[in-house]
Amino acid sequence: FKEETTTLDVKTNGKVLNTKTVNDRNVILYDSLNRTNGYTQVMTDVLGNDSTVVWAGVLDGRGLAKSFSEETTDAQGNLTVKSQHDVTYDAEGRSDKFSQTVTDPLGVVTKTYRHVTDYSPLGFQDGLDETVDSTDKAGVRTISTVHQGPSQYDALGHLVQRHDESLTSVY
């Protein structure tokens, strides 16, 4: 499929923000149950620069990704590699836990471990606990422990308040 998105800053009639992005998902792979388990997508910005995403996943019995890998090459040829595994979901199919590794073009490796995700009775994300462990090319390691929640939403489902705690250590 091909999708075009135009973003225009209405208050200034496009003088501040006026962009167009074209997403072309030109290769889509399916498993034996006809569920998408891979794709290649080219995103073209307003200047004609292309970024490419290649995604491949392994699905569980409900068709939810239990693991995936994603490689993104930006318009300058820089590669970012992301993988998620051990992905679990609650009974409603909402993401609960996962382990993720991202290696960016500068060689920074960031590992995220989502330990738990809580949801409100209305299905809104209420909180989470995760650890983010990042090491740069020079060997500097940063570990953050994050707790978010509880959260409050208004009648329209907009987040209006959330409590966040974060502890960061640098080695």
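The structure is a predicted model, in which local features need pLDDT of at least 70 and side-chain atom pairs count only at pLDDT 80 or more, while totals for chains, interfaces and linings use all residues. Residues are numbered from 1 along each chain as its sequence is written, and side-chain values use heavy atoms, with hydrogens and water left out.

**The chain as a whole**

- The chain holds eleven strands and zero helices, where helices (H or I, at least four residues) and strands (E, at least two) are DSSP runs, numbered from the N terminus.
- Taken along the principal axes, the box filled by the C-alpha atoms of the chain is roughly 45 × 40 × 40 Å.
- The chain has 171 residues, of which 26% count as buried; buried means under 20% relative accessible area, exposed over 50%, and partly exposed in between, with a 1.4 Å probe and protein chains only.
- Among contacts between residues at least 6 apart in sequence, 20% join residues at least 24 apart, a contact being heavy atoms within 4.5 Å.

- Strand E2 (residues 18–30) pairs with strand E3 (residues 36–44) in the antiparallel sense over eight bridges, and two strands are said to pair if DSSP finds at least two bridges between them.
- Within this pairing, Asn-23 has Met-43 in E3 as its bridge partner.
- Five residues lie between E2 and E3 in their hairpin, and Asn-34 in the turn has a positive phi of about 65 degrees.
- Strand E3 is also joined to strand E4 (residues 50–59), with seven bridges between the two antiparallel strands, and Tyr-39 stands opposite Trp-55 in E4.
- The hairpin of E3 and E4 likewise has five residues between its strands, and Gly-48 in the turn has a positive phi of about 90 degrees.

**Ser-134 in strand E9**

- Ser-134 belongs to strand E9, which covers residues 125–135.
- Ser-134 counts as buried because its relative accessibility is 16%.
- Leaving aside residues up to four places away in sequence, Ser-134 touches Val-108, Val-109, Thr-110, Val-140, Arg-141 and Thr-142.
- The side chains of Ser-134 and Thr-110 are joined by a polar contact of 3.2 Å; a polar contact is a pair of N or O atoms within 3.5 Å, and within protein one must be able to donate a hydrogen and the other to accept it, while residues adjacent in sequence count only if both atoms are side-chain atoms.
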